[in-house]
Amino acid sequence: VYTDYRELLRDPEIEVVHVLTPNRSHCELTCDALRAGKHVMCEKPMAKTYADAKKMLETAKETGKKLTIGYQNRFRPDSQYLKGRMPSLGEVYYARAHAIRRRAVPTWGVFLDEEAQGGGPLIDIGTHALDLTLFLMNNYDVDYVVGTSFEKLGRLLDPEHQGQVNYRGEHDSWNNETYDVEDSAFGHIKMKNGAVINLRASWAINMVGETGANNEAHATLAGTKGCLLYTSPSPRD
């Protein structure tokens, strides 16, 4: 156990560092670890801001150390199998990346703290869906992105009507006064080859169908020869 992470970085026997802190400190800890000669596995999302993420990537290149982000869904056996089947879809020109919860706001940790977290469902579960979609498409060449986030139900719903059940099956609620991140976000991503991706993410939204914990890494891909509908298993599975 270390009370100062810099002491950990001075330990020559440590080769790999896992950064599992609130998003605001991902950049500083990752860059310090890379410069100390450690490989880094950083929890998603990569960073709170684009500038921080770019700095992390540049530091990894400068030091020659390995940096990876915790998007574990792409490494699952079903994801790997589907990746190998992608040629059968032909040219993928449309995709949806969705992570939709109707009432499932995380109430532990710093999820609802914008200063520490940097955002809500978009960078929490939405990035899982987007990473899986981009991985399957094998297309990271973006032309432009437009999007909108909403802070509606997180502050509107009182505990009596939040209707939330946590992963343990127990009723849970959040504090409206301290809820300062978005509760839903939607985006349109245009790739340079003409393909488009529709991104949807929510912790709380009035919607039926395609909602629930098992849709947190959900992708639909349409190609010239076929389509792919991908859903992730429930956390209880």
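Modeller: Start with burial: buried means under 20% relative accessible area, exposed means over 50%, and partly exposed lies in between, with a 1.4 Å probe and protein chains only. Take Trp108: with 48% relative accessibility, Trp108 is partly exposed. This is a predicted model, where local features need pLDDT of at least 70, side-chain atom pairs count only at pLDDT 80 or more, and totals for chains, interfaces and linings use all residues. Residues are numbered from 1 along each chain as its sequence is written, and side-chain values use heavy atoms, leaving out hydrogens and water.

Biologist: What share of the 237 residues is buried?

Modeller: Buried residues are 44% of them.

Biologist: How many helices and strands does the protein have?

Modeller: Helices (H or I, at least four residues) and strands (E, at least two) are DSSP runs, numbered from the N terminus. The protein has eight helices and 11 strands.

Biologist: How do I read a pair of aromatic rings?

Modeller: Use the distance of the centres and the angle of the planes. Rings of Phe, Tyr and Trp (its six-membered ring) pair if their centres lie within 6.5 Å; planes under 30 degrees apart are stacked, over 60 edge-to-face, and the rest tilted. The whole structure holds four aromatic pairs. One of them joins Trp108 and Phe111, edge-to-face, at 5.4 Å centre to centre and 75° between the planes. Phe111 is buried, at 18% relative accessibility.

Biologist: Why does the pair of Trp174 and Tyr179 count as tilted?

Modeller: Their planes stand at 55°, so the pair is tilted; the ring centres are 6.2 Å apart. Trp174 is buried at 4% relative accessibility, and Tyr179 is buried at 1%.

Biologist: Which ring does Lys83 lie over?

Modeller: A charge sits over a ring if NZ of Lys or CZ of Arg is within 6 Å of the ring centre and within 35 degrees of the ring normal. Lys83 lies over the face of Phe135, 4.6 Å from the ring centre.

Biologist: How do helices α2 and α3 cross?

Modeller: Axes are lines fitted to C-alpha atoms, for helices over the stretch in contact, and angles run from 0 to 180 degrees between N-to-C directions. Helix α2 (residues 26–35) and helix α3 (residues 50–63) have axes that come within 9 Å and cross at roughly 5°. Angles under 35 degrees count as roughly parallel, over 145 as roughly antiparallel, 65 to 115 as roughly perpendicular and the rest as oblique. So α2 is roughly parallel to α3. Contact means heavy atoms within 4.5 Å. Here α2 contributes residues including His26 and Leu34, and α3 residues including Met56 and Ala60.
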